[in-house]
Amino acid sequence: MARTWKSLAGMSTALVVLAGCSFDSGSPEATASGGGGSKLIIADLWAPDSGYALETDDAFTLTRAGCLETLVAVDKDNQAQPALATEWKQTEPKSWTFTIRDTKFQNGTALTAKVVADDLNRLLKATAPPRSFAPGVISAVTAVDDRTVRIDTPEEDLFLPLRVSVPNTGILAPEAFSGTTTNPVGTCTGPFKITSIGTGQSLSLAANDGYWGGDVALGSAEIRYAESGATRATQLRAGEVSVAANLPVTTLTTLKGDNNITLQQVALPRTTGLYLNTRKAPFDKVEARRAIQKALGLDAIVKAVYEGTATAAAGPFTPDEPWTPAGLQPVQGNAADAKAAMAAAGIDPGSLGFELIAYSDRPEFADLAQVIQAQLAEAGITVKIRTGDYASVEDDLMGGNFQATLLSRNHLIDLPEPISVLRSDETCKGSFNLAGYCNPKVDELVKEAGSTADPAKRHTLYGQIATQLATDVAFVPLVHESLTMGVADTVKGLPTDPLERTLLTKDTKLS
């Protein structure tokens, strides 16, 4: 299963530096003085598997645990808010300065501009730095004085404050780094400090009594990792844990009848689509792509595959996002519509048969591919399904050696604005343009959006891009997914974060 906070495809390759190793603070587990000693146990999905190297998804593990913090946070509207930086400004077209908060790491080491600059420069030198903060978009990071960091960019970058909100840019104390290893025990700044790490299976946490953000409600917490959604749901039903995160659709019916459990759902900025290779016939013609789209009944897909927890998609953006264009509606097709479209375009349904890649890392793709196969068969279009894990198909996808693939893509994967994914996925020379889609008009709109400072005007440009993608059938949008978390009624203050960066906060508590 792909990590939910990042699309599997396009994810930086994990650098495994400490697989199977563990750290311990040497202190007794979970004896915290904050929060009256109350302990919360959480079942989460993805265990840290890259030795806490911050260039990997382990950074998200640490932010979700309430340990790792970044210079900038984002609020529910994805607007930049102070965190380890108290303020920032664009001093020159290609330079930003950040004022560093006067606080300490959990081990007592002072947070200084030099520490921040060293951490960010270490990230830039990583074998596979995150796309949002890589040498191609960052020129230099310099400590100007004890409390000021300057970040320079090759080109003017309006989104720099959002780049340092991504968990990969989190700041750890110098003591966290020794050679190629990273030790987060006691080296974070967040409301929770790690007291011990159970090799890949759990994190034990205690309240950080010196937290700069104020009092921490919980005394201690434990996060247990289980890849099986059924296991997490079972643990919640049995009372072994009080929170089960990232619950798959198949587990929800078993929890809905429990009056002591609340199912919290949040719409994700994620779109699952059918990507048709526009480099090759027949899908180099928009009429052929549109015929496929008109054969697909999205409401039936939502019901049969996602049991009503997803919504039919009209484009790359979810309905409630500020840049989603008004009036763009999902295409609800059927066999009759598809046959009519093919007849009007002079297309023989038999010429549209193709092989569909449905990689197994996302378990719902098996059912989704079968529903697509059945719906297209009604229109006379034959589909052969190819399965396998993502690693087995990645070379073909990246090389354009395929006809069609399913892809679940988070358009806020790099930044809490869609500009980065639009550049990589939908421009002619985009680094992750799997479908080979190319429209110079879209390229110009993406370029203009990237240099438009006014958010309202930028959002309008995003909407124009989405409309053009729909007109061109750049890909066939299928559904927008939701995230479900099971929460015992004794738990209060858990955030519903569509970016999936946050789980434990200072305000989380047990009643």
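Which residue lies over the face of W212? I looked this up before anything else. R101 does, at 3.9 Å from the ring centre. I counted a charge as sitting over a ring if NZ of Lys or CZ of Arg is within 6 Å of the ring centre and within 35 degrees of the ring normal.

**Ground rules.** I am reading a predicted model, in which local features need pLDDT of at least 70, side-chain atom pairs count only at pLDDT 80 or more, and totals for chains, interfaces and linings use all residues. Residues are numbered from 1 along each chain as its sequence is written, and side-chain values use heavy atoms, with hydrogens and water left out.

**Charge and ring, again.** I noted R122 as well: its charged end sits over the ring of F177, 3.7 Å from the centre.

**Aromatic pairs.** I searched the whole structure and found eight aromatic pairs. Rings of Phe, Tyr and Trp (its six-membered ring) pair if their centres lie within 6.5 Å; planes under 30 degrees apart count as stacked, over 60 as edge-to-face and the rest as tilted. One of the pairs is Y211 with W212, tilted because the planes stand at 50 degrees, with centres 5.2 Å apart. For burial I used relative accessible area: under 20% is buried, over 50% exposed, and in between partly exposed (1.4 Å probe, protein chains only). Y211 is buried at 13%, while W212 is partly exposed at 28%.

I then turned to Y275 and F475, whose planes are at 10 degrees and whose centres are 4.9 Å apart, so this pair is stacked. Y275 belongs to strand β14 (residues 261-276) and F475 to the loop between α13 (455-472) and β19 (476-488), so the pair ties together parts 200 residues apart in sequence. Helices (H or I, at least four residues) and strands (E, at least two) are DSSP runs, numbered from the N terminus. Y275 is buried at 7%, and F475 is buried at 6%. I also found F317, W323 and Y462 in one aromatic cluster.

**Disulfides.** I found two in the structure, taking a disulfide as a pair of cysteine sulfur atoms within 2.5 Å. C67 is joined to C188, S to S 1.9 Å. C67 sits in the loop between α1 (58-64) and β2 (72-74) and C188 in the loop between β9 (181-182) and β10 (192-198), so the bond ties together parts 121 residues apart in sequence. This link is right-handed, with 90 degrees about the S-S bond. C67 is buried at 0%, and C188 is buried at 0%.

C428 is joined to C438, S to S 1.9 Å. Both lie in the loop between α11 (419-426) and α12 (440-450), so the parts tied together are ten residues apart in sequence. C428 is partly exposed at 28%, and C438 is partly exposed at 46%.

**A sheet.** I traced an open sheet of four strands in the order β4-β5-β7-β6, with antiparallel pairing. Two strands pair if DSSP finds at least two bridges between them. β4 (85-92) and β6 (140-145) are the edge strands, each pairing on one side only. Strands β5 (residues 95-100) and β7 (residues 148-152) pair over five bridges. S95 has D152 in β7 as its bridge partner.
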